[in-house]
Amino acid sequence: MGRLSTLGKRVGDMSFVAGGGVINWFPGHMAAGARAIRDRLKLTDLVIEVRDARIPLSSANEDLQHLLVRKRRIVALNKKDLANPNVMHHWIGRFELFKQDCISINAHSKSSVNQLLSLVELKLREVISREPTLLVMVVGVPNVGKSALINSISQIASTRFPAQEKSKRATVGPFPGVTQDIAGFKIANQPSIYVLDTPGVLAPSIPDIETGLKLALTGAVKDSVAGEVRLAHYLLAVLNLRRTPLHWDRLLKERAIESANETVRTVENVLKDSIPNRRNRKNAYEAVYIEDLVKSVQKTLYITLSEFEGNLEEENELESLIHKQLIALQKTFRIPHFDSDEAFIKVSKKLLILFRAGKLGTFILDDLSDASKPFS
């Protein structure tokens with residue numbers, strides 16, 4: 001998959017997304033967290049570096065890489081359910097090409113986390129015989145799923161290992177940087193193995209606009225820092241340059257047939273429910289609503305791109321298309337205040353929610369053409 005560009009210019013450098021400047025978000029607690037991570041790395045036997053599978057390169061903390069490369073390390077590409085599986089295996093192969101252990105995971109899947117733990121045991125086998133206590137540290141930028149992974153490991157460990165102490169749970173929240181301290185979680189005895197959870201830490205500076213936009217789009221940086229409309233412009237630019245909406249045509253036709261039958265069945269089942277099952281009826285109606293909304297959004301983007309007669313390689317024309325798409329999405333989302341800044345913000349927020357939930361499909365935003373150097 002080649003690098004997305006118009007006339008040699010990367011998407012992040014286009015004026016309509018670059019205008020906000022470099023995206024940086026480094027709260028005070030991140031500096032303290034980074035220092036604590038560096039101190040504990042000296043005692044760590046293995047590092048699980050969690051990255052977002054949608055941005056295997058951009059979600060690496062470059063400020064820590066020179067330290068991580070010296071340790072036993074497993075790169076865990078989390079949220080694989082949101083990443084394009086047809087491209088993911090190429091990324092795994094690229095990591096292995098540079099002798100870096102890598103595995104794609106879903107932190108909420110027991111079988112997926114079990115595979116990661118098996119790889120951890122394999123990597124620690126050479127030191128288990130001579131060390132009574134082993135430390136495994138989980139690191140990563142904000143919102144890549146470290147705490148969710150810790151919780152899954154804790155649940156598995158309670159049945160898989162003869163643990164002496166009741167496992168604690170990591171704090172999981174919807175916002176980047178929720179875990180603000182480093183805590184140890186005992187997951188095994190004989191030898192004792194502790195997993196250290198750490199706060200999400202970004203590099204103090206992100207000089208590359210494109211990397212900053214990808215981090216913000218996937219939730220590692222707060223939307224308010226990057227700007228929702230700017231992120232929506234970036235997302236739509238990527239979708240259009242990849243011609244993604246054009247691939248939705250056949251999918252939309254197939255869904256139309258399936259949805260018509262499924263909606264009838266769902267409504268019939270809901271109407272048959274008794275009064276105590278009001279929550280089930282509500283959830284069923286919400287599922288139908290969301291599915292219809294997604295189809296409407298995809299149809300809107302398909303129509304606007306298929307009717308576009310300009311040149312996507314021309315930045316001004318691409319920007320004009322995106323502006324038309326945002327206006328069209330206002331109607332799709334039923335948002336008033338036509339063509340106003342407030343309406344565009346609301347449209348952008350809804351579009352970002354659908355993307356991050358995987359409703360628009362699976363994507364990997366990084367390009368393999370950028371992965372031409374060792375992962376260090």
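Which residues in α7 meet which residues in α9? From α7 come Ile209, Glu210, Leu213, Lys214, Ala216 and Leu217, and these meet Arg230, Leu231, Tyr234 and Leu235 in α9, where contact means heavy atoms within 4.5 Å. By class, this contact has seven nonpolar, no polar and three charged residues (Ala, Val, Leu, Ile, Met, Phe, Trp, Tyr, Cys and Pro count as nonpolar, Asp, Glu, Lys and Arg as charged, and the others, Gly among them, as polar).

The model is predicted, with local features needing pLDDT of at least 70 and side-chain atom pairs counting only at pLDDT 80 or more, while totals for chains, interfaces and linings use all residues. Residues are numbered from 1 along each chain as its sequence is written, and side-chain values use heavy atoms, with hydrogens and water left out.

Serine 104 lies in strand β5, residues 101-104 (helices, H or I of at least four residues, and strands, E of at least two, are DSSP runs numbered from the N terminus). Serine 104 counts as buried because its relative accessibility is 17%, buried meaning under 20% relative accessible area, exposed over 50%, and partly exposed in between, with a 1.4 Å probe and protein chains only. Leaving aside residues up to four places away in sequence, serine 104 touches Leu77, Lys80, Met88, Ile92 and Ser112.

Turning to the whole chain, its secondary structure comes to 13 helices and eight strands, and 51% of its 376 residues count as buried. Among contacts in the chain with a separation of 6 or more, 74% are accounted for by residues 24 or more positions apart.
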